[in-house]
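The sequence and the model come first, and the notes follow.

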Amino acid sequence: MIASPGNVVLLCALRTGWCVQACVIAALETFAGQASAATGIAARATRSISLNGLSLSSPWSPARPDLRGRRMIGNITAAKFLRFPVTSGSGKTAIMNAPVLSVEGLRTHFLTRKGVVKAVDDVSFSLGAGRVMGLVGESGCGKSMTGYSIMGLVDPPGRIVSGRILLNGEDLRLLSPQALRRVRGSRIAMIFQDPMMTLNPVLRIDTQMMEAIQAHQSIDRRRARERSREALGQVGIPSPDERLRAYPHQFSGGMRQRVAIAIALLNRPDVIIADEPTTALDVTIQGQILYEVQKLCRESGTALVWITHDLSLVAGLADEVSVMYAGKLVEQGEAAAVLGSPMHPYTRGLILSAPSRNVRGRPLRQIPGMTPPLLQLPKGCAFRDRCARATEACLTEPTLTANGSRAVRCFHPHREELAQESAGSTA
Ligand SMILES: Nc1ncnc2c1ncn2[C@@H]1O[C@H](COP(=O)(O)OP(=O)(O)OP(=O)(O)O)[C@@H](O)[C@H]1O
Ligand code: SF4
Ligand SMILES: [Mg+2]
């Protein structure tokens with residue numbers, strides 16, 4: 001990174017929450033402002049911020065040629081990647097509205113010595129075939145645990161205490177361990193945050209990929225190998241024939257993640273849960289993978305739950321968005337509606353904290369305070385201590401109230417458009 005006094009050049013922050021990113025940027029801006037004041041050099045307006053590997057344009061910066069024409073939802077710049085056309089789908093996309101995955105009242109709790117940690121607390125959503133849902137929220141809010149619960153991968157002391165997980169109408173919680181193992185990897189697959197949760201370090205890639213196919217389909221080794229090679233090509237692995245014979249330690253971290261993504265695509269499942277799988281990848285590879293998963297969704301009707309911190313990625317990829325806070329869903333709806341006019345104060349705070357919304361010279365916005373530990377949540381609404389709209393009513397726990405395709409868990413939701421909000425306010 002090269003920074004001259006008074007000039008913020010580039011910040012690339014990975015795997016951190018929006019608030020942390022905003023704080024780091026705020027600190028850098030303060031430093032730049034002080035340096036500028038000390039040297040008398042006027043701060044220049046040109047700047048580019050790369051967030052989770054993606055460039056976010058600043059509203060005050062001169063239009064950059066590579067950002068021109070990018071889709072904006074509200075003031076979030078959508079991640080740039082080649083989109084797979086919706087109309088190219090096969091017959092399966094015709095049943096897009098039939099829910100392929102329905103989660104109803106899911107609660108996953110950890111029974112610890114200090115108390116009960118409610119990592120997932122009353123989470124409900126349903127997802128139609130071919131649809132993409134972005135699941136967003138700060139670190140520790142329960143995004144991954146929601147994915148693990150759906151996959152039946154919660155280890156003690158955690159356990160699902162209530163709720164239903166319906167895959168094409170069949171409750172996965174009622175299946176025997178053997179039956180659930182048959183479903184996992186074939187009808188529902190997960191791409192983990194850490195690719196080594198998928199890969200066995202002592203087995204060659206071809207062995208692992210072919211085993212993943214032959215465990216669920218009765219096809220011969222030659223065809224399984226062919227399908228593995230095709231899947232590696234889909235995620236941009238060069239020389240797939242040669243790479244199939246390699247071991248995981250012979251790949252870079254980004255390539256291992258691509259192999260893990262390829263394994264999830266192998267059996268063309270009905271549902272894929274992707275847990276921040278492209279965070280460690282460079283923007284070109286990320287674009288290619290986003291294109292391939294979107295193609296899979298459109299062509300074969302796969303429903304995709306994409307867990308991420310990255311709102312620009314959600315704006316570019318997702319059809320709908322669910323926002324989590326402290327184990328609960330606080331807002332749900334179509335991506336354009338939620339990102340364009342967020343109703344929950346937390347969602348609004350997240351979007352306003354995005355660096356692309358902030359104007360140079362003004363303090364960067366952030367949600368005040370920190371996410372409370374799950375064992376010490378405030379009484380009533382868990383967001384109460386950080387919320388500028390909190391009243392006495394918020395001492396009671398709000399419920400998720402739906403209005404059409406939009407649902408919000410708040411007694412005093414915002415009704416106004418994001419753009420109409422006064423410049424100075426925070427959450
Ligand atoms: N073994 C455990 N014992 C107790 N609490 C746990 C355990 N594992 C997870 N948790 C709690 O579950 C909560 C949700 O964790 P989860 O991994 O789903 O967060 P996340 O939203 O995916 O965060 P990140 O964005 O950092 O990946 C955390 O607050 C954590 O404290
Ligand atoms: S219920 Fe009250 S405290 Fe909670 S987000 Fe809404 S206004 Fe804020
Ligand atoms: Mg996680």
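Ser-102 stands opposite Leu-166 in β9, one of the strands of the model (helices, H or I of at least four residues, and strands, E of at least two, are DSSP runs numbered from the N terminus). The model is predicted: local features need pLDDT of at least 70, side-chain atom pairs count only at pLDDT 80 or more, and totals for chains, interfaces and linings use all residues. Residues are numbered from 1 along each chain as its sequence is written, while chains are lettered from A and ligands numbered from 1 in the order in which they are written.

**The chain as a whole**

- The secondary structure comes to 11 helices and 17 strands.
- Of the 427 residues in the chain, 45% are buried (buried: 20 or more other C-beta atoms within 10 Å of the residue's own; exposed: 12 or fewer; partly exposed: in between; C-beta atoms are placed from the backbone).
- Among contacts between residues at least 6 apart in sequence, 69% join residues at least 24 apart (contact: C-beta atoms, placed from the backbone, within 7 Å).

**The sheet and its surroundings**

- An open sheet of 4 strands runs in the order β7-β6-β9-β10, with antiparallel pairing (two strands pair if DSSP finds at least two bridges between them).
- β7 and β10 (170–171) stand at the edges with a single partner strand each, so one side of each has no neighbour in the sheet.
- Strand β9 (residues 158–167) and β6 are joined in the antiparallel sense over 8 bridges.
- Asp-122, in strand β7, has a positive phi near 65 degrees although it is a residue other than glycine.
- Asp-122 counts as partly exposed because it has 18 C-beta neighbours inside 10 Å.
- Asn-168, in the loop between β9 and β10, is a residue other than glycine with a positive phi, near 50 degrees.
- Asn-168 has 14 C-beta neighbours inside 10 Å and therefore counts as partly exposed.

- In helix α2 (residues 143–151), 9 of the 9 residues are buried, so the helix is largely enclosed by the rest of the structure.
- The buried residues include Lys-143, Tyr-148 and Ile-150.
- Just after α2, Gly-152 takes a positive phi of about 70 degrees.
- Pro-157 lies in the loop between α2 and β9, and the peptide bond from Pro-156 to Pro-157 is cis, with omega near 10 degrees.

**The ligands**

- Ligand 1 is surrounded by 14 residues, the closest being Ala-119, Ser-139, Gly-140, Ser-144 and Met-145 (a residue is near a molecule if its C-beta atom, placed from the backbone, lies within 6 Å of it).
- β6 (99–112), β7 (115–128) and α2 are the elements that give two or more residues to this shell, and α2 supplies the largest share, 3 residues.
- The shell around ligand 1 has 6 nonpolar, 7 polar and 1 charged residues (Ala, Val, Leu, Ile, Met, Phe, Trp, Tyr, Cys and Pro count as nonpolar, Asp, Glu, Lys and Arg as charged, and the others, Gly among them, as polar).
- The residues around ligand 2 include Cys-381, Cys-387, Cys-394, Cys-410 and His-412.
- The shell around ligand 2 divides into 9 nonpolar, 1 polar and 2 charged residues.

**The nonpolar core**

- The largest nonpolar core has 91 residues, and Ala-262, Leu-304 and Trp-306 are among those that touch the most other members (core: buried Ala, Val, Leu, Ile, Met, Phe, Trp, Tyr and Cys residues joined through C-beta atoms within 7 Å).
- Helix α7 (residues 253–265) gives the most to this core, with 8 residues.
- Leu-304 touches Val-132, Ile-272, Ala-274, Val-293 and Cys-297, not counting residues up to four places away in sequence.

Key
Contact = placed C-beta atoms within 7 Å.
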